Amino acid sequence: MKTLIQNGKINTYENHLTTAEIWIEDGVIQAIGTAFDPNLFDEVFDAKGQLITPGLVDVHVHLREPGFEYKETIKTGSQAAARGGFTTVCAMPNLNPVPDTVEKFEKIQAIIKSDAVVKVLQYAPITEELRSDVLTDQKALKAAGAFAFTNDGVGVQTAGTMYLAMKEAAANNMALVAHTEDESLLFGGVMHAGKKAEELGLPGILSATESSQIARDLILAEETGCHYHVCHVSTKESVRIIREAKKAGVHVTAEVSPHHLILSEEEIPNDFGYWKMNPPLRGTADRDALIEGLLDGTIDCIATDHAPHGFEEKNQSFLKAPFGIVGSEYAFQLIYTHFVKTGIFTLEQVIAWMATKPAAIFGLQAGRLQIGQPADLAVFAINEESEIDAEKFLSKAVNTPFNHEKVYGETLLTFVDGQVVWQKGE
């Protein structure tokens with residue numbers, strides 16, 4: 001099958017958009033040019049003068065299957081990712097059953113193979129059942145296809161357990177990915193311990209809940225030589241200590257979520273579960289530090305932390321609602337609108353943070369728009385305004401505080417291995 005994407009634009013250098021056409025054959029980018037004869041191709045797609053990028057890579061999503069299919073499934077979650085221009089996503093293991101053995105892990109792999117419309121890489125847990133101090137068999141789970149190891153959803157509470165897990169990860173040349181949260185510092189908190197918590201009379205979550213565990217882990221990562229990746233950084237203290245660790249030569253990488261870059265506690269209008277996420281929306285100084293951390297290389301990439309929940313369970317107060325918001329279908333739109341159009345980030349930087357760098361730090365063959373690479377591509381309408389409409393989501397969930405926001409950069413087309421997995425209007 002020979003496919004041509006014509007009338008597109010690619011970002012070449014210094015935010016310069018160049019007219020380009022993409023020749024795809026056998027699932028691979030064969031050529032990038034401007035004068036291909038469309039009659040020579042089996043399929044021709046019109047990019048309508050819009051932006052063509054490498055398929056986006058999201059190293060942090062929750063697909064909820066098995067165990068929580070009322071929230072999301074591998075099929076619906078991967079469809080949502082495709083609609084957002086993501087062609088590779090990495091799925092967290094806080095499932096039921098937790099994929100802490102090869103047998104459980106392979107059952108999820110079978111569902112992925114059957115149902116996923118984008119490339120789904122499955123994490124395995126650090127410890128059995130996530131909350132125990134019993135390490136999983138990393139070597140066996142790696143052989144079964146584990147992408148990396150994480151207990152996302154909970155922090156590893158015991159330093160000794162984390163140390164042993166890091167030693168094992170280093171021995172197996174695998175990344176250890178951390179949800180950092182010292183539960184002894186939670187004190188029942190449901191939102192950031194700041195002005196808004198005081199105003200609403202709700203228990204707060206200290207910044208130290210996150211940063212103190214990162215500090216512990218960075219010392220352990222230096223001791224073991226493990227590749228340590230920090231999930232959803234949210235505080236200025238966390239940015240500071242990660243920056244210092246990188247200067248010291250610790251093998252640490254980090255991600256930030258779009259909602260932590262865009263929102264702060266001040267935007268929370270009332271006590272409503274759609275604004276409840278973990279880590280919570282922090283102060284404006286924290287948000288500014290996250291942006292600075294991206295710009296200076298302290299934070300390596302942007303990841304959505306797509307966290308779908310059922311309508312009824314999120315449609316209640318902070319005290320009762322679960323943590324998390326969805327993000328796959330509009331992450332690029334939000335980042336482009338809030339940061340590229342305002343001149344804070346360049347388009348080149350955003351493509352790097354949402355495609356090239358997450359692929360590079362985890363050694364994935366993804367995130368690059370180059371001849372010989374898999375034809376994982378997305379086309380974004382960066383010149384047209386649209387509206388985020390939760391009622392039209394492909395995800396099963398609608399829990400987002402961004403509903404009805406006007407944005408630029410809606411996804412027109414997404415290709416995985418040269419096959420269309422999302423096309424607007426189809």
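The model is predicted: local features need pLDDT of at least 70, side-chain atom pairs count only at pLDDT 80 or more, and totals for chains, interfaces and linings use all residues. Residues are numbered from 1 along each chain as its sequence is written, and side-chain values use heavy atoms, without hydrogens or water.

Asp305 sits in the loop between strand 15 (301-302) and helix 10 (311-314). Asp305 is buried, at 10% relative accessible area (buried means under 20%, with a 1.4 Å probe and protein chains only). Leaving out residues up to four places away in sequence, Asp305 touches His60, His62, His232, Ser257, Asn278 and Ile325 (contact means heavy atoms within 4.5 Å).

Next comes the largest pocket. Its volume is about 480 Å³, the space filled by probe spheres set on the grid points. A pocket here is an open set of points on a 1 Å grid where a 1.4 Å probe fits, with protein on both sides within 12 Å along at least five of seven lines; lining residues have an atom within 4 Å of a point. The lining has 23 residues, and Arg64, Asn94, Gly153, His309 and Phe323 lie nearest the centre.

Now the cysteines. The whole structure has 0 disulfides (pairs of cysteine sulfur atoms within 2.5 Å). Cys226 is in no disulfide either; the nearest cysteine sulfur, that of Cys231, is 13 Å away. Cys90 is buried, at 0% relative accessible area. Cys226 is buried too, at 1%.

Definitions and conventions: Buried means under 20% relative accessible area, exposed over 50%, partly exposed in between (1.4 Å probe, protein chains only). Helices (H or I, at least four residues) and strands (E, at least two) are DSSP runs, numbered from the N terminus.
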